[in-house]
Amino acid sequence: FEKLCNRYDDKLKDRGRNISIQKRILIFLWFAANKCCYRDVASRFGVSESSVHRKVHEVMEFLCGISKEIIRFPNSE
């Protein structure tokens, strides 16, 4: 979690931070791991539904961007 937050923090150095890096990652993880709607996540984390929507998509784009560095399939011959 800390490594992921640090890496995401490096990506966002030039952007505003109305929601902390840790909270953004936690919002994404909660949404991805639970079958719930944006409204439930927004209520749990004390943010608006539109913020949840934006943060989920921002973190997903970040994870897709670093996926080739992180996910490695075995080399089998």
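The structure is a predicted model, in which local features need pLDDT of at least 70, side-chain atom pairs count only at pLDDT 80 or more, and totals for chains, interfaces and linings use all residues. Residues are numbered from 1 along each chain as its sequence is written, and side-chain values use heavy atoms, with hydrogens and water left out.

The chain contains four helices and zero strands, and its pattern along the sequence reads α-α-α-α. Helices (H or I, at least four residues) and strands (E, at least two) are DSSP runs, numbered from the N terminus. The C-alpha trace spans about 50 × 30 × 20 Å along its principal axes. Of the 77 residues in the chain, 29% are buried; buried denotes under 20% relative accessible area, exposed over 50%, and partly exposed in between (1.4 Å probe, protein chains only). Contact means heavy atoms within 4.5 Å. Among contacts between residues at least 6 apart in sequence, 46% join residues at least 24 apart.

The packing of the helices may be considered next. Two packed helices are described by the angle between their axes and the distance between the axes. Here the axes are lines fitted to C-alpha atoms, for helices over the stretch in contact, and angles run from 0 to 180 degrees between N-to-C directions.

Helix H1 (residues 2-11) and helix H4 (residues 49-70) have axes that come within 11 Å and cross at roughly 110 degrees. H1 is therefore roughly perpendicular to H4, given that angles under 35 degrees count as roughly parallel, over 145 as roughly antiparallel, 65 to 115 as roughly perpendicular and the rest as oblique. On the H1 side, Leu4, Arg7, Tyr8 and Lys11 meet Glu58, Val59, Phe62, Leu63, Ile66, Glu69 and Ile70 of H4. By class, the residues of this contact of H1 with H4 comprise seven nonpolar, no polar and four charged. In this classification, Ala, Val, Leu, Ile, Met, Phe, Trp, Tyr, Cys and Pro are nonpolar, Asp, Glu, Lys and Arg are charged, and the others, Gly among them, are polar.

H1 also packs against H2, at an angle of about 115 degrees and with the axes 9 Å apart. Leu4, Cys5, Tyr8 and Asp9 of H1 make this contact with Ile21, Gln22, Arg24 and Ile25 of H2. The contact of H1 with H2 has five nonpolar residues, one polar and two charged.

The axes of H3 and H4 lie 8 Å apart, and the two helices pack at an angle of about 100 degrees. H3 and H4 are therefore roughly perpendicular to each other. Tyr38, Arg39, Val41 and Ala42 in H3 touch Glu49, Val52, His53, Val56 and His57 in H4. Five nonpolar, two polar and two charged residues form the contact of H3 with H4.

In soluble globular proteins, nonpolar side chains tend to be buried together. A nonpolar core is a set of buried Ala, Val, Leu, Ile, Met, Phe, Trp, Tyr and Cys residues joined through side-chain atoms within 4.5 Å. The largest such core has 18 residues, of which Tyr8, Ile27, Val41, Val47 and Val52 touch the most other members. H1, helix H2 (21-33), helix H3 (38-45) and H4 each give two or more residues to this core, and H4 supplies the largest share, five residues. Not counting residues up to four places away in sequence, Tyr8 touches Ile21, Arg24, Ile25, Glu58, Val59 and Phe62.

Several further residues complete the description. Phe1 belongs to the segment before H1 and is partly exposed, with a relative accessible area of 43%. Neighbours within four places in sequence aside, Phe1 is in contact with Gln22, Ile25, Leu26 and Leu29. The C-alpha atoms of Phe1 and Ile27, 26 residues apart along the chain, are separated by 13 Å.

Asp40 is located in helix H3 and counts as partly exposed at 42% relative accessibility. Between the C-alpha atoms of Asp40 and Val52, 12 residues apart along the chain, the separation is 9.8 Å. Ser48, in the loop between H3 and H4, is partly exposed, with a relative accessible area of 35%. In the segment after H4 is Arg72, which counts as exposed at 63% relative accessibility. Arg72 and Val47 are 25 residues apart along the chain, and their C-alpha atoms are separated by 35 Å.
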